[in-house]
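This report covers the sheets and the helix packing of one protein model. Please read it with the sequence and the coordinates at hand.

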Amino acid sequence: MQICVVGTGYVGLVTGTCLAEIGHHVVGVDDDRRKIDTLKAGGIPIYEPGLDELVARNRQEGRLAFTAELKEGIEAATVVFICVGTPPLEDGDADLSAVEKVARRIGELSSSYKLVVEKSTVPVHTGMWIEKTLMVYGHREQIEFDVASNPEFLREGTAVSDFLHPDRIVVGVEHPRAERLLLELYEPIVNRTFTCPVHTNCRDAGPVPFLVTDIRSAELIKHASNSFLATKISFINSVADLCELVGADVELVAAGMGLDRRIGRAFLNAGLGFGGFCFPKDLQAFVKIAEKCGHDFRLLREVDRINQARIRQMIRKLRDQLWILKDKVIGVWGLSFKPDTDDVRYSPAIALIKQLLTEGAVVRAYDPKAMEKAREALPSLVCCQNPYEVASGADALVVATEWREFESLDLMQVKGMMQRPLILDGRNLFDREKMRSMGFEYLGVGR
Ligand code: UGA
């Protein structure tokens, strides 16, 4: 099929590339010319494991192209995905101006039928507004449009695999034609008929559930899913606080809970809390849209409040150990909001460092991938060449992101370099007993 993907950020680039990978012809559009130039020159503006190879191969094989001109991108396309950003406004609402602008331009520029699919994370009712916008600006009456909602469930770091092997595909449609087109588009993924670049034995897994709903329900599925996962995290973090008070171990509690198939072990890792450009903003946007519709989503406001308190709690723990933070050297391992990404947006690590700097501490940090982006967010940040340098002379070391690299370090060397062998493991990366037997003063979360 001929497809256009508008927006070449995380969602757009992964979507476009993976759709090309399963055999479609895709044009990626972005009005950021620098991004398009980078892509045309063979570069990738983001770090996402496996994506560079896929982009290069599909471009080479002629199934993937990029342009800064929307008209050129949509010309031959039957399906147009909107994957532009929906950043938070001051009041927590999602800024939908980019979505509106793209919908308007698609209306103005189309000269043939288009199925316009919203993939950006958007509040309920956005599909209805896109439909109205297409009708108003797509004034040539002979041209028909359909609108669909097709939320993405991609995690940064595993986005390619998540796209090609999803737990489910959700499409919200109002017209059977839209349903037919989307089923045809996703057929290779649903029936696992493409040659997978990530897993070799995926065909054994059976077909991927393809859930067809109305547009509003599909929009809600996205926000409800992210908010539910965030709720699990805040729940286990509250349990972790209780564990510390009663002398229990949250890792064991999570293991025991997770064995119940109705609960599951995933997203029950206690720690510094959730960050990234999805959970914090989606949670706020969901609360906001509920409020606008007359529903007070108190539960989610509490989830957010618990999450924000994680940083304060970590500072308190440091203060309990070091008494005064001013002029203390604190090393921080990890800057990205989670491992395997260079993304530092809403990263708990960055929030923690900002607070430490406000308290007058001397902070030194290291991250395998995110130092460049962290320096853009926090220009005064002192970054080190490696994790050992961070430890050198430190009064305490905080593990803020659970990169695997940290697990394989020579911890005796780390200990020998520190001013005081105090480790605050904000992600419960290390084994407590082992750390203590090595002579560290070790504090985890909820243990
Ligand atoms: C999340 C969802 O998992 C995706 O399904 C969704 O498509 C995406 O948002 C989106 O809306 O685009 P992502 O933000 O990449 O994906 O990251 P997650 O792996 O979900 O982690 C989010 C945050 O929660 C991270 O800061 C992570 O450290 C934290 N987390 C996760 C915990 O603190 N504990 C856990 O048990 C799991």
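Two strands pair if DSSP finds at least two bridges between them. Helices (H or I, at least four residues) and strands (E, at least two) are DSSP runs, numbered from the N terminus. The model is predicted, with local features requiring pLDDT of at least 70 and side-chain atom pairs pLDDT 80 or more, while totals for chains, interfaces and linings use all residues. Residues are numbered from 1 along each chain as its sequence is written, and side-chain values use heavy atoms, with hydrogens and water left out.

## The eight-stranded sheet

An open sheet of eight strands has the order β3-β2-β1-β4-β5-β6-β7-β8, with mixed pairing. At its edges stand β3 (64–67) and β8 (210–213), each with a single partner strand, so one side of each has no neighbour in the sheet. On average, neighbouring strands of this sheet are turned by 25° against each other, direction ignored. Here and below, axes are lines fitted to C-alpha atoms, for helices over the stretch in contact, and angles run from 0 to 180 degrees between N-to-C directions.

Strand β6 (residues 145–149) and strand β7 (residues 169–173) run antiparallel and are joined by two bridges. In this part of the sheet Ser-149 stands opposite Gly-172 of β7. Helix α5 (residues 97–109) packs on the sheet and touches β1, β4 (79–82), β5 (114–118) and β6; the direction of α5 makes about 160° with that of β4. Helix α9 also packs on the sheet, touching β5, β6, β7 and β8, and its direction makes about 145° with that of β7. Contact here means heavy atoms within 4.5 Å.

β1 and strand β2 (residues 25–29) pair in the parallel sense over five bridges, and Gln-2 stands opposite His-25 in β2. Is strand β1 (residues 2–6) largely enclosed or open? Four of the five residues of β1 are buried, so the strand is largely enclosed by the rest of the structure. Buried means under 20% relative accessible area, exposed over 50%, and partly exposed in between (1.4 Å probe, protein chains only).

## The six-stranded sheet

Six strands form a second open sheet in the order β11-β10-β9-β12-β13-β14, with parallel pairing. Its edge strands are β11 (382–383) and β14 (441–443), each pairing on one side only. β9 and β10 run parallel and are joined by five bridges; Ile-330 stands opposite Val-363 in β10. α12 packs on this sheet, touching β9, β12, β13 (422–425) and β14, and the direction of α12 makes about 165° with that of β13. α13 packs on the sheet as well, with contacts to β9, β10 and β12 and a direction at about 160° to that of β10.

The buried residues of helix α13 (residues 348–358) are Pro-348, Ala-349, Ile-350, Leu-352, Ile-353 and Leu-356. Among the elements covering them are α12, β9 (329–333), β10 (362–366), α14 (371–377) and β12 (396–399). After α13 comes Gly-360, whose phi is positive, near 90°.

## Helix pairs

| Helix pair | Axes | Angle |
|---|---|---|
| α9 (residues 215–246) and α12 (residues 298–322) | within 9 Å | roughly 45° |
| α9 and α10 (residues 250–258) | within 9 Å | roughly 135° |
| α1 (residues 10–21) and α3 (residues 51–60) | 9 Å apart | about 55° |

Angles under 35 degrees count as roughly parallel, over 145 as roughly antiparallel, 65 to 115 as roughly perpendicular and the rest as oblique. α9 and α10 are therefore oblique to each other, and so are α1 and α3. A crossing is left-handed if the near helix is turned anticlockwise from the far one by less than a right angle, and right-handed if clockwise. α9 passes α10 in a right-handed crossing, whereas the crossing of α1 and α3 is left-handed.

Where α9 meets α10, Phe-235, Ile-236, Val-239, Ala-240 and Cys-243 of α9 face Val-250, Val-253, Ala-254 and Met-257 of α10. This contact divides into nine nonpolar, no polar and no charged residues. Ala, Val, Leu, Ile, Met, Phe, Trp, Tyr, Cys and Pro count as nonpolar, Asp, Glu, Lys and Arg as charged, and the others, Gly among them, as polar.

The crossing of α9 and α12 is left-handed. α9 contributes residues including Ser-227, Asn-237 and Glu-244, and α12 residues including Leu-300, Arg-310 and Lys-317. By class, the contact of α9 with α12 has five nonpolar, seven polar and four charged residues.
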